[in-house]
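Dear colleague,

Please find the structure below, together with its sequence.

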Amino acid sequence: MSETMSTNEENKLPLNGRRAIPPNYANDEENEVPEMEAFGLIPRGFNPRDYLRVVDIYMFKEPQEINKQEHHTDKYYNPKLIVRRGQAFQIQIDFNRPYKPETDQFWLEFLMGRYPQRNKGTYIPILVGNVLKPGQWGAKIIHRENNSIRLSIMSSTTCIIGKFRFYVAVLTPYGILRTRRNAATDTYILFNPWCQLDAVYMDDEKEREEYVLNDVGVVFHGNVEDVKSRSWSYGQFEENVLDACLFLMDKAELELSGRGNPIKICRVASAVINSRDEDGVIAGSWSNSYDYGVAPSAWTGSVDILLEYYSSKQPVRYGQCWVFAGVFNTFLRCLGIPARLITNYSSAHDNNANLRLDFFLDDEGKVDTRLTKDSIWNYHCWNEAWMTRPDLPVGFGGWQVVDGTPQETSDGMYRCGPASVQAIKHGHVCFQFDAPFVYAEVNGDIFYTRVEKNGTQVVEKIDTTRVGQLIVTKEVGGDGMVDITEEYKFREGSDEERLALETAVMYGVKKQTIQDTTYQPQTDVDMDFQAQKAVLGNDFKVTITFRNKSRNSYTATTYLSGNIVFYTGVTKSEFKKHSFSAKLEPSSSSSFDIVIKSSEYMSELLEQASFHFFVTARINETGKILAVQKAVMLEIPTLRIKTKGELVAGKEASVIVEFTNPLKQNLENVMLRLEGPGVLRTMKKQFGRIPMNSTLTWEVKFFPMRPGLRKLIASLNSDALRHVYGELNVQIQKP
């Protein structure tokens, strides 16, 4: 070690009285390992060549060879050996002469990081024995021939995850002879959902194929009444992605010794996925202006984001919840932790965790935007990771919520989870981590409270069913949607649901009672609101229906407020105000139509084409107020993708992306992206403008990489129109 190196080290890492060695959290850093470690003075005439010497090492690391096949790592686009912990793998060592077990002694060494230590799991010496014990480090000879031996090596089921350096050490009377540092023998060890003793063990083969090995997924978005879906390329096997994922743990400063524990890995990763602390992977932006970056809706997958971060070490701009969740899912699957992406519709973003979302109305019944601080997201995406929870009582293992979107701080950082889904369902929110926050996201009640001129608060309506009314994920083995709401909560209104709520309140989730406000709901008149299915750029109509169940005639002064909102439920602008007086005849229904013109909303529109309508009506005779709110999504046109001719791995093929501009205006600054894991790297193309009603065509030539059923995913992004996607399943033939 040179002088400059050591002084540099001292500047960076002052060794304090607490630690003997500096913190060890860089997987890639190395220490010097001597090739000859002498026991004392070496006599003259000592020649290492007289002893057993390693000539060559074979790791059987090709995708078609035994190790990657048996360990389900053959899809990784990585030339080195990748194995899963707790499962045997094979290597071959060629010596300079036949190995004699009676007199020759050698062992294997796996090392990680700058300060390998045995008790930290970063220095692992393995002696060759006669028998392999399940779940423990060991090695035995399974074949001997001439100068070669073949070994079967077992790794521990609690072994740390990452990239190890590998050496073979031979004992001589005067010292230890080691093989030279050789990067080609580096070995990655990952989590093993196929191994019963691993904390991430999953027993269903179809589920393992989906949650660990599938490199494409589906993101559900839109809203409850209008669920939309799009594909997302996880790409966990693509070149350099594994190294990028390991770098995230270095970035999060997770000690190497803690990297065998999926709970710790999830916890630190949920903080490092977002850039709110310590310059994590993605910078979030919900502002609709994405200068100097990529609009969240334009990404088609995780690979570009992770690789850009790995090379620049700077947060990648920009993301919103599904981007954080997509990248998090790639990270988890890449390391071998089963994971899936979840969408919660009508997700409560509750600023004070009291299970109550307050919408304040002024004395005329209009929403008061100054006082209303809580918001309901049309949808929110997070992840579930599968693992045992030895830190919790029995029964809380399985799926755990982890969320990389920065919403609230947890122990001083923007992170969330892992929180047991089972604990959330039963209201046991005392169990770490962040269960009360997730419980509120799926269980809040909406209070409509009118504030009178003298400050008195009157609760006009309580909606107990809207929040978290649909929670979904992609089905196993297909692109369809599965409703998993029942995994998070009991049926609305059931005894079990009430008991879970009481449990959550007992464990400290705040639930305000109604005693401190007056609440007298209107019972004899119902109001409903419906919107016609609408395509972006067209007029559409909305209908307000009253049902008067009483024997009295009423008049209702009715307000409709149409707002353009971010998908987080936060209003950008009010584009439509309409008020009218409705006559309500006894025991009858009456409907009123209002036309929403495209000219009213187009100039203000945000990327997810999402509206939020508030309707309030005051019954003049009784002074009671009715309130209803609804999110409405416009249909966004899609991209068309087609291929020309036959698709054969390694042979040139071409794909065509088409789009017709449906708007009554030109599209400016149009950017197209196209990607497909195992098919082609992300391609981008900029178009200046697309005039209205004209069609854009983009042809891409490419060489499909691997045979099999694959997916192409495309997105279009422009100033006036975003969230435009297209996808195509393609069958790539063997050459």
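Is Phe247 buried or exposed? Phe247 has a relative accessible area of 14% and is therefore buried; the term buried stands for under 20% relative accessible area, exposed for over 50%, and partly exposed for the range in between, with a 1.4 Å probe and protein chains only.

Please note that this is a predicted model, in which local features need pLDDT of at least 70 and side-chain atom pairs count only at pLDDT 80 or more, whereas totals for chains, interfaces and linings use all residues. Residues are numbered from 1 along each chain as its sequence is written, and side-chain values use heavy atoms, with hydrogens and water left out.

Aromatic pairs

The structure holds 32 aromatic pairs. Rings of Phe, Tyr and Trp (its six-membered ring) pair if their centres lie within 6.5 Å; planes under 30 degrees apart count as stacked, over 60 as edge-to-face and the rest as tilted. Phe247 and Tyr309 have ring centres 6.0 Å apart and planes at 50°, so this pair is tilted. The two residues are 62 residues apart, with Phe247 in helix H4 (residues 241–251) and Tyr309 in helix H6 (residues 303–312). Helices (H or I, at least four residues) and strands (E, at least two) are DSSP runs, numbered from the N terminus. Tyr309 is buried, with a relative accessible area of 1%.

Phe575 and Phe611 form another tilted pair, at 5.2 Å centre to centre and 40° between the planes. Because Phe575 lies in strand S31 (residues 571–584) and Phe611 in strand S33 (residues 610–619), the pair ties together parts that are 36 residues apart in sequence. Phe575 is buried at 12% relative accessibility, and Phe611 is buried at 0%.

Domains and cores

The protein is divided into domain 1 (36–190), domain 2 (216–507), domain 3 (525–633) and domain 4 (640–732); these bounds come from an automatic or database domain assignment. Between domain 1 and domain 4, the C-alpha centres lie 47 Å apart.

A nonpolar core is a set of buried Ala, Val, Leu, Ile, Met, Phe, Trp, Tyr and Cys residues joined through side-chain atoms within 4.5 Å. The largest such core has 66 residues, of which Leu242, Trp322, Phe331, Leu332 and Leu335 touch the most other members. Helix H7 (residues 321–335) gives the most to this core, with eleven residues. At least three residues come from each of domain 1 and domain 2. Apart from this core lies another, of 61 residues, including Leu584, Tyr601, Leu663 and Phe702.

A buried arginine

Arg85 is found in the loop between strand S3 (81–84) and strand S4 (89–95). Arg85 is buried, at a relative accessible area of 1%.

Annotated site

The unreviewed UniProt entry annotates Asn443, Asp445, Glu492 and Glu497 as "binding site". Although these residues are spread over 55 residues of sequence, they cluster in space, with a largest C-alpha distance of 13.5 Å. UniProt positions are given in the numbering used here, feature names are shortened, and annotations may be inferred rather than shown by experiment. Asp445 lies in strand S23 (residues 445–451) and is buried at 12% relative accessibility. Glu497, in helix H11 (residues 495–506), is also buried, at 18%.

Yours sincerely
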